[in-house]
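Open the model in your viewer and switch to a cartoon view. Have the selection tool ready.

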Amino acid sequence: MSAPAFRIEPASADRFDDVSTMLAPRRPGTTACWCLSHRIDPAVNRELGPDQRPGYMRRLCRQPVAPGVLAYDVDEVVGWAGVAPRVEVYSVACNSRIPKIGDDLAIWSIWCLKVRAGHRGRGVARALIDGAVRFAREHGAAAVEGYPVDNDGKKIDTMLAFVGTRSLFESAGFVKIADTGSTAAGVPRIVMRLGG
């Protein structure tokens, strides 16, 4: 039996309710990342309270190039991937622990993968990576990078697995190009790339 097919769509303004489903906190009024903590300057990130974060993400969704992609199982949103040019992802572009190899303008980054509870283990994360790569290439990317944990198949906390795993990125055709000085959930992260 084959894995189900998931539809991947840009996280554009007309899909903001689905972006909210994926990124908003479970309890209204509490602080959630909204996939901004790694994308924006830390000073700006600290200034954004729980009430300002949705508006900031809504503005990103209104831009000509969406800030990520969404996965759908028929009409139900089940996943999110943050994808953008590497130079626009602060935690990658300005992080001395993550090596930058190659032309920043042509390299895009996938820095966040999120799959809704109840839908994990069904291939959503892989579909998100494939869709994020297509989206990046449609917008001029020569290569796409991920910065997953190199967990050697060991289980990691799902809350800290937003960077993905080496095996997941390898299944999408990515290859390791560098080690990093960065960790997630105490596990070393690596730079993996497809293309370029």
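Predicted model: local features only at pLDDT ≥ 70, side-chain atom pairs only at ≥ 80, totals over all residues.

Select the strands. Strands of a sheet pair through backbone hydrogen bonds, either parallel or antiparallel. Here 7 strands form an open sheet with mixed pairing, in the order β1-β2-β3-β4-β5-β7-β6. Residues 7-10 (β1) and 175-184 (β6) stand at the edges; each has a single partner strand, so one side of each is left without a neighbour in the sheet. On average, neighbouring strands are turned by 30° against each other, direction ignored.

Next select residues 76-85, which are β3, and residues 107-115, which are β4. These two strands pair in the antiparallel sense over 7 bridges. Click Ala84 and look for its bridge partner in β4, Ser109.

**A helix across the sheet.** Select residues 124-138, helix α5. Helix α5 lies across β1, β2, β3, β4, β5 and β7, and runs at about 150° to β4.

**The largest pocket.** Select Leu113, Lys114, Val115, Arg120 and Thr158, which of the 40 lining residues lie nearest the centre of the largest pocket. The space in this pocket is about 1300 Å³. The lining divides into 20 nonpolar, 12 polar and 8 charged residues.

**The second largest pocket.** Finish with the lining of the second largest pocket, which includes His38, Trp111, Phe162 and Arg189. About 150 Å³ of space lies in this pocket. By class, 5 residues of the lining are nonpolar, 5 polar and 2 charged.

Key
Residues numbered from 1 in each chain as written. Heavy atoms only, no water. Pairing = 2+ DSSP bridges. Helix = DSSP H or I, 4+ residues; strand = E, 2+ residues; numbered from the N terminus. Axes fitted to C-alpha atoms, helices over the stretch in contact; angles between N-to-C directions. Contact = heavy atoms within 4.5 Å. 1 Å grid on protein atoms, 1.4 Å probe; cavity = no way out; pocket = protein on both sides within 12 Å on 5 of 7 lines; lining within 4 Å. Points joined across faces, edges and corners; volume = space filled by probe spheres on them. Nonpolar A, V, L, I, M, F, W, Y, C, P; charged D, E, K, R; others polar.
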